[in-house]
Structure formats: C-alpha cells, structure tokens
2 protein chains.
Amino acid sequence: MIVTPQRLHVDTPLPLRSGAVLPAFELVYETYGQLNAARDNAVLICHALNASHHVAGHHADAQGQPIPKSEGWWHNMVGPGKPVDTERFFVICANNIGSCFGSTGPTHINPATGQPWGADFPVVTVEDWVNAQAQLLDALGIERLAAVMGGSLGGMQALSWTLQYPERVRHAVVVASAPNLTAENIAFNEVARRAIVTDPDFHGGHYLRHGTKPRRGLRIARMIGHITYLSDDVMNEKFGRRLRPLAEALRHGDVATAERLAYRYTTQDVEFEIESYLRYQGDKFSEYFDANTYLLITRALDYFDPAREYDGDLSAALRRARADFLVISFSTDWRFSPARSREIVKALLDNQRAVSYAEIDASHGHDAFLLDDPRYHAAVRAYFEHRVGAHLSLPGGTA
Amino acid sequence: MIVTPQRLHVDTPLPLRSGAVLPAFELVYETYGQLNAARDNAVLICHALNASHHVAGHHADAQGQPIPKSEGWWHNMVGPGKPVDTERFFVICANNIGSCFGSTGPTHINPATGQPWGADFPVVTVEDWVNAQAQLLDALGIERLAAVMGGSLGGMQALSWTLQYPERVRHAVVVASAPNLTAENIAFNEVARRAIVTDPDFHGGHYLRHGTKPRRGLRIARMIGHITYLSDDVMNEKFGRRLRPLAEALRHGDVATAERLAYRYTTQDVEFEIESYLRYQGDKFSEYFDANTYLLITRALDYFDPAREYDGDLSAALRRARADFLVISFSTDWRFSPARSREIVKALLDNQRAVSYAEIDASHGHDAFLLDDPRYHAAVRAYFEHRVGAHLSLPGGTA
C-alpha cells in the first residue's frame, strides 16, 4: 500500500483553549481506503506523542517504489485485511498542530514576525486538536465518523471527540489511555521538559534562530520516555543485567571472549546493554524531533482533564457522550494503567453507554498498544467487524 | 543528643574491586551510645545514596548548642529509646569512600597530581565500602558486630557484610533493598548520569578546576530520583493534579482568587504543585551534592550483584553467610519491590539461615524506609530488643 501525504490549508482563525487564536493553519494528513457513497465508513485515527499522520502503508520514492522501512506507525493495526480493515473503512489521520511532521507548528514561520514560532507557538490542547480535526472532516465532507480511535494521548483525543462532537461519532476506541495524567505522569513530563529547557542550546525556545537545537535535553527526555513506555518485566527480559561488550562478543559467537569479560568499572562509558539501548534511542530522537513540540505535546497531556470543569466528577463530564465505546488497557502498562481505563469504563457505564472493555495480559508495558498482540488485535478486529461495521449503510464496504 | 563527627586516617593502601588501589584514605564517622566492656554491642549502620555518617542526634554550634534541623537522617530509628536503642547499643556510621561528606572522595586532592580527583577518582563498589568499614571496626577494637543494618544501598552493604566477613556479623537488618538492580533501575541511574555528564559544566568530570559544577545535570538527576523514591499513590495524595498558584492562594485563605484560577497554559513555567516540588528538590540537591559522587554511588548500585560470580544463583552466593537476618520491604516500593526482598529471603532459607521477614503495607514507596511507620519501627524494635539484644554479654546495656 503506497500512500501520499496530503495537505489542508485552513484560513479560518482557530480559537484555542488558552485564549490565543491561530490565525490560519495547515494540516498534513493521510487517508487509506475509500470513502463510501453514504460517507459513513470513515475512521479517524489520532496520534500520540511522537507519531505523525503516517499510520499505515509505505511512502514512495521518485520512481513510485515503496521506500524500505517507511511503514506507518500503526501498520500492524490499519491496512487491507488488518483489524481496522481499509478494504472496508476509509481511514484518516492528521498530524496535530504544534507537531513537527508537517502541520503548523513551532518550526514554521510566525506570520506576525517572519521568524520561526519557536517558543512563541501557542499552547495547544487535546480539545484544540479535535477542533482542527473536525475542520478536516468538514473539508472531506464527512459529517459523522464510523469511529474515532487512538492510543495513549491519541485515546484522549478519541475520548474528547465524543464530548466535543457527540453527534459526529458512532464509536470510540480508546486504547492504553486515561481520563487525565496522575501526578507521577506529570512529574516525568516535567523532568523531561526541564532537561530540554535548561539545555544551554535551548535559548529560551528560539534555538532555530541560533542555528542549533537542544539535543542533550531531547536525549534525556527520550530516555525517560522510553523507560516509562516499557514494563520492568520486558526490560528484564530484553536487557536484564547483560553487559554491552558481553552481548557483542556473543553476537559474534565469541563465547571464549564473552566468558572472560567482566565489569569494566566505568562511570561514564556504557557497561550494560540497557544503557546502550537508551543512548541509541535518545540520539536518534534528538535528530528528528523538535524540542518545542516536545514541550507542547507533553503539556497537552498534562492539561487534558475533562472532569476538571465538573469538580473532578468524570461521570458528569462524560454525560454528553453519545458514542459506543471499546476501551482497552494492558496489564503491565504503569504509565496508563488498567485502573485508569476502568475509571473511564465506570464513568461511561454510569451514563448507560454501551462499553466493551478488554484488559490485555501483555508484558510490554505502555508500548503494547503499538505491538502485534494477537488477543489485542482480535478484540479490535471483532469490534470493527461486528460493531462498527454493523452501522455501515453498505455492509461489506464500498461495493 | 549532641554528636561530633570523628575522623579515621588509614595509611594502608586499600585494594579496590576494579583493580585500582587507593593509596590511603580517611573515613569520617559518628558513634552513638557506649561500647560495652565485652565489645559486643556494636551496630554498624550503612548509608544510602545521598546520606552521610550523620545518622542521629544533632550537631552543635560553637556554643555547644544543638543546631536546629541538624538531626541525622535516621534520627527516628536510632537514638535513646528508639528502635535501635543507643542506651543499649553502640551505633557507628561511616561516610563511604567516594562520597562528598568528608570521607576521601572526588572533591579531595589526588596526592599523585595535587589536583582534585574529580573524574579520576577510582570506581568504588559496595564490597570496597565494606572493606573500608571493616578497617574502622579494627581501629575501634570491634571484632564482631551485634548487627549491621541499612536501607536501600545501605541494605546491600549489610548483605555484603555477611558474605565478606561472615564471622564478624551476628545479625543483618536489610531494609528496602535488593540482591541487585533490575534493568529499569539501571536505566533510571543511567539517565541521571547522562544528564550530569552531558551538562556543559561537567567538563569531563573536572569541573572543580573550572570553578563550576554541573548544576543543571544534578537537578535533573535528583528530580528523577525523587519520582522513583515515591509511589504513585503518595504522589497523588500529596500533589495530585493541584495547580501551584491555586495552592498558594488557598494557603493565604484567598478562596475567591483560587476559584478564579485556571490553567495558565505555559510550557516552561510551573503549573502544577508537583512541578514546583521537584524543582525545589532539584535546586537544593544541586547546591550540596557532588556530581562525581553521584556517578560513583549510582555505579556502586548498578554493579552490586553477589550472585554474578555464581551464574546468577543467589542461594549459592549467600551460602557463606552466617548471620541471622531481618529483611523488611514496603508494599508500594517499586524501586526495590517486595519481590526483590523475597528473593533474598528465599536464598537465605535455602541455606537454613534464620530469617525474619516483614512486608510493611505503606503508601510511601521507597521513601518509606526513612519514615516513622509504627509497624515498621515496631518490627525493628522487637528484633533489636529480643534477637540482637539476646546475644549481648551484658543484657540491659553497659551497666
């Protein structure tokens, strides 16, 4: 499946939750499958922290050939014959405002100054993203979604869709998410932000004007992130206390060397495999991700809290939802634990919503929502096939 | 109880696990209570990451008056009438080598260069610390300890004492500890170290020569540490999602202002209480702690692994222990979880050691080992009164 990003330019000013107004904006998005004649088979996917509009399929090179390793971030979930089957559903995903993958964000030019927005880019919230996504649906002529779906921060957007546009959503699939962040979650976000903001190359958020970027801070932020995405269990399985040189010797079948290897006793060099893994992830991330985007997106996570206007009463907050729900959590996810998903389920049941809930026994922590777990995918497949699909005016797809 | 730090100078070279040799060293230490005539009522306390030899009592000012807030870090545990009762036991604690509270460490002068050691200070291990502590006991004329006791990294030293000097320890009290660090623990240490090492003010570890210190890195390291010391539960209790300005207005009884307060929508300023708390802790720590010490002590944690020489077989590793044990863990401690303490207990039982084990239901995470929990303190008190005390040649103390 070859896919080409598209672009929507919106000239209508977008009022933001913060009180600021974005005078105009662009959304980069991709679609997969065909919108049916009744325009009722659209599924909107919402992306999480460091992902983009590129959910599924491959991008093509100049010769039209698929670029190797250019699969979308949820390609195991979305595509022809996949749990979210693009032979039946018309799937859409837009890069969120404030991100660094094409939609209007802090690396773009602020029309008021002619300089990159940098730290002056307005704070954006989950609610703002949903409003922008609604404008994309308007442009595509889609009045009502068959489903909105997302994991983690994407799940917060899916949930918010059912509150901001209750009549426009038939089904919401909320995976590995939460009704708000706990203090511990905010704390991890804050440490990551401090690492970025206190990097001397941050320059108050205007590093682009200085021809640099706060790579050190981004590396630390990403390392913290990675620890919290994984479970203790899977880290022990994948890395344990294995030493880095030992692992390398064994990879080359050099058991004799491996056996001689002992601690090297170093405070600054890599000793354990896990250290090497984290440094590699940090380095990679610091090259492609924008620091101001990191601040904006972690703040969107922190701020999301639909119950806040209802004195913390989540059931009251979810009263206006009209969608049916599939809620999924993973047993070892300590960042967005099953208990948080159960809070959502309870609040929905308090409002007599139809809710399916699956708590998947998986060892991979928060990361599990991106992985190809058979029970997880079977639950999503069944829900789309029998529940979301049941509402389509043309069962079986666009034929 | 007024206490004065003492100093032991050792001219015998100390061979270290790494193969390096420390040509000479000084230990700063404190003692509490009186050594009895049989010299068999000594209890050695081992300190954890950022603590010192100052366990209990107050330091005095020039007039001999107790300095306010100068209580030792375990003053609720050690002292007259406390669970470790200094009217009965002679308690000793030494600042570990490599630390920054007086004992020989990276801020001291390297005799070979006439410059501060800085990053050239040799890597020290739990085993090295125990060897240095043994020299202190020799100097104090103590052949055998009534007990060795520690929490967290201090618990690792207590455990190591029973393996390195099995005949010199009657009882070991191992609190909130583990037989080694998990990959996740090493990962958190590594992120903290990277934050320090990549701070431009680190200067390869020779920041003292540059008249500076890597405060930014130390702040981040401490923030990460604080998150992992606390439980999710206690963070939600203490901070939850409370906003900082809101909390301040309420402190001044200004409910009208508090009610008007909403999100301020900022990526760089403090918004939530938890952020303010972490920044404060980070700032404080970066002023008094040494960065090279942080690297050394986290590495000592990473390297500790008595089972390593036994192909991971902890029971085999603990075979030479001769002490009786009290092992204590805390239900919400996810840094050194109860499961890790149970591994120690199981391995000791495999070797027919006498072990008492208490798993304390406490909400405070790893921090609980420093707090005044009645069930925890009762368990320690009973153990010292009835088990450790039973071995004293002069029951009832030095009378």
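The largest cavity has a volume of about 120 Å³.

Reader: What is the basis of these values?

Author: This is a predicted model, in which local features need pLDDT of at least 70, side-chain atom pairs count only at pLDDT 80 or more, and totals for chains, interfaces and linings use all residues. Residues are numbered from 1 along each chain, chains are lettered from A, and side-chain values use heavy atoms, without hydrogens and water.

Reader: Which residues lie nearest the centre of the largest cavity?

Author: A cavity is a set of points, on a 1 Å grid over the protein atoms alone, where a 1.4 Å probe fits but cannot get out; lining residues have an atom within 4 Å of a point. Here 14 residues line the largest cavity, and A:Ala195, A:Asp199, A:Arg216, B:Ala195 and B:Thr198 lie nearest its centre. The lining divides into six nonpolar, four polar and four charged residues.

Reader: How are chains A and B related?

Author: Two copies of a chain are related by a rotation about an axis and a shift along it. In this model, a rotation of 180 degrees with 0.0 Å of shift superposes chain B on chain A, with an RMSD of 0.1 Å (least squares on C-alpha atoms of residues with pLDDT of at least 70 in both). That is the relation of a two-fold axis.

Reader: Is α1(B) mostly covered or uncovered?

Author: Buried means under 20% relative accessible area, with a 1.4 Å probe and protein chains only. In α1(B), 11 of its 15 residues are buried, among them B:Trp129 and B:Leu137. B:Gly141, with a positive phi near 70 degrees, follows α1(B).

Technical notes:
Buried means under 20% relative accessible area, exposed over 50%, partly exposed in between (1.4 Å probe, protein chains only). Helices (H or I, at least four residues) and strands (E, at least two) are DSSP runs, numbered from the N terminus. On a 1 Å grid over the protein atoms alone, a cavity is a set of points where a 1.4 Å probe fits but cannot get out, and a pocket is an open set with protein on both sides within 12 Å along at least five of seven lines; lining residues have an atom within 4 Å of a point. Grid points are joined across faces, edges and corners, and a volume is the space filled by probe spheres set on the points. Ala, Val, Leu, Ile, Met, Phe, Trp, Tyr, Cys and Pro count as nonpolar, Asp, Glu, Lys and Arg as charged, and the others, Gly among them, as polar.
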